[in-house]
Amino acid sequence: ATDIALRSMAIGAVRETGPNGFKVLPGVCIATCCHHRCDPVSYVNVEFLKRHGLSMEPPGYDDFAYLKSLAGCAVGGRSGVSTERLRETRRYGLMAKRLLDLGRVSWMRTELGMQDASFAHYVDKTVTPE
């Protein structure tokens, strides 16, 4: 849903044209979630992932499948796994989510002309692990 929302912004309401002819939106706030559900066809910045060494070739998009699977580990728990192993797996899951979101921020800067696009932590981890 995040990538669909981003693509919709590219064709949606525009108030002005910025440098290099990019469309400039006054601002946007998107709470990304469900990273484990994104797919390489709708993800907005496959080129970003390729530039960072991920194999993004069909039919299996193996690295993308692994990345989104790993992202799901950021919030999930597993029974029978040591606390240390669980902490490590969650850390890798958070890194996978961050990589996907960095690609989105990069896309917003280049495709939407939103040079100030960035991350913002809006809720404490005690409220939600997302």
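Q: Before we start, what needs to be known about the model and its numbering?
A: The model is predicted, so local features need pLDDT of at least 70 and side-chain atom pairs count only at pLDDT 80 or more, while totals for chains, interfaces and linings use all residues. Residues are numbered from 1 along each chain as its sequence is written, and side-chain values use heavy atoms, with hydrogens and water left out.

Q: What is the volume of the largest pocket?
A: The largest pocket has a volume of about 820 Å³. A pocket here is an open set of points on a 1 Å grid over the protein atoms alone, where a 1.4 Å probe fits, with protein on both sides within 12 Å along at least five of seven lines. Its volume is the space filled by probe spheres set on the points.

Q: Which residues are the closest to its centre?
A: Of the 28 lining residues, the closest to the centre are Thr32, Asp101, Phe119, Ala120 and Tyr122. A lining residue has an atom within 4 Å of a point.

Q: Which element gives the largest share of that lining?
A: Helix H4 does, with eight residues. Helices are DSSP runs of H or I with at least four residues, numbered from the N terminus.

Q: How does the lining of the largest pocket divide by residue type?
A: It divides into 16 nonpolar, six polar and six charged residues. Ala, Val, Leu, Ile, Met, Phe, Trp, Tyr, Cys and Pro count as nonpolar, Asp, Glu, Lys and Arg as charged, and the others, Gly among them, as polar.

Q: And the second largest pocket, how much space lies in it?
A: About 180 Å³. Its lining includes Asp3, Cys33, Cys34, Cys38 and Arg104. Helix H1 gives the most to this lining, with three residues, and the residues divide into six nonpolar, two polar and four charged.

Q: Changing topic, how many salt bridges are there?
A: The count is four. A salt bridge is a side-chain nitrogen of Lys or Arg within 4 Å of a carboxyl oxygen of Asp or Glu.

Q: What about Arg104 and Asp101, are they buried or exposed?
A: Arg104 counts as buried at 5% relative accessibility, and Asp101 counts as buried at 11%. Salt bridges that share partners join Asp3, Asp101 and Arg104 into one network. Buried means under 20% relative accessible area, exposed over 50%, and partly exposed in between, with a 1.4 Å probe and protein chains only. The side chains of Arg104 and Asp101 meet at 2.9 Å, N to O.

Q: Where do Glu88 and Arg85 lie?
A: Both lie in helix H4, three residues apart, about one turn of the helix. Glu88 is partly exposed at 28%, and Arg85 is partly exposed at 44%.

Q: What is the N to O distance for Glu47 and Lys50?
A: Their side chains meet in a salt bridge at 3.4 Å. Glu47 and Lys50 are separated by about one helical turn because they are three residues apart in helix H2 (residues 46-51).

Q: Lastly, which residues make the nonpolar surface patch?
A: Tyr122, Val123 and Val127 make a patch of about 300 Å². Such a patch joins nonpolar side chains (Val, Leu, Ile, Met, Phe, Trp, Tyr) within 5 Å, from residues with over 30% relative accessible area and no salt bridge. Accessible areas come from the Shrake-Rupley method with a 1.4 Å probe. Val127 counts as exposed at 60% relative accessibility, and its place is in the segment after helix H4 (83-111).

Key: Patches are made of residues with over 30% relative accessible area and no salt bridge: like charges are joined within 9 Å, nonpolar side chains (Val, Leu, Ile, Met, Phe, Trp, Tyr) within 5 Å. Helices (H or I, at least four residues) and strands (E, at least two) are DSSP runs, numbered from the N terminus.
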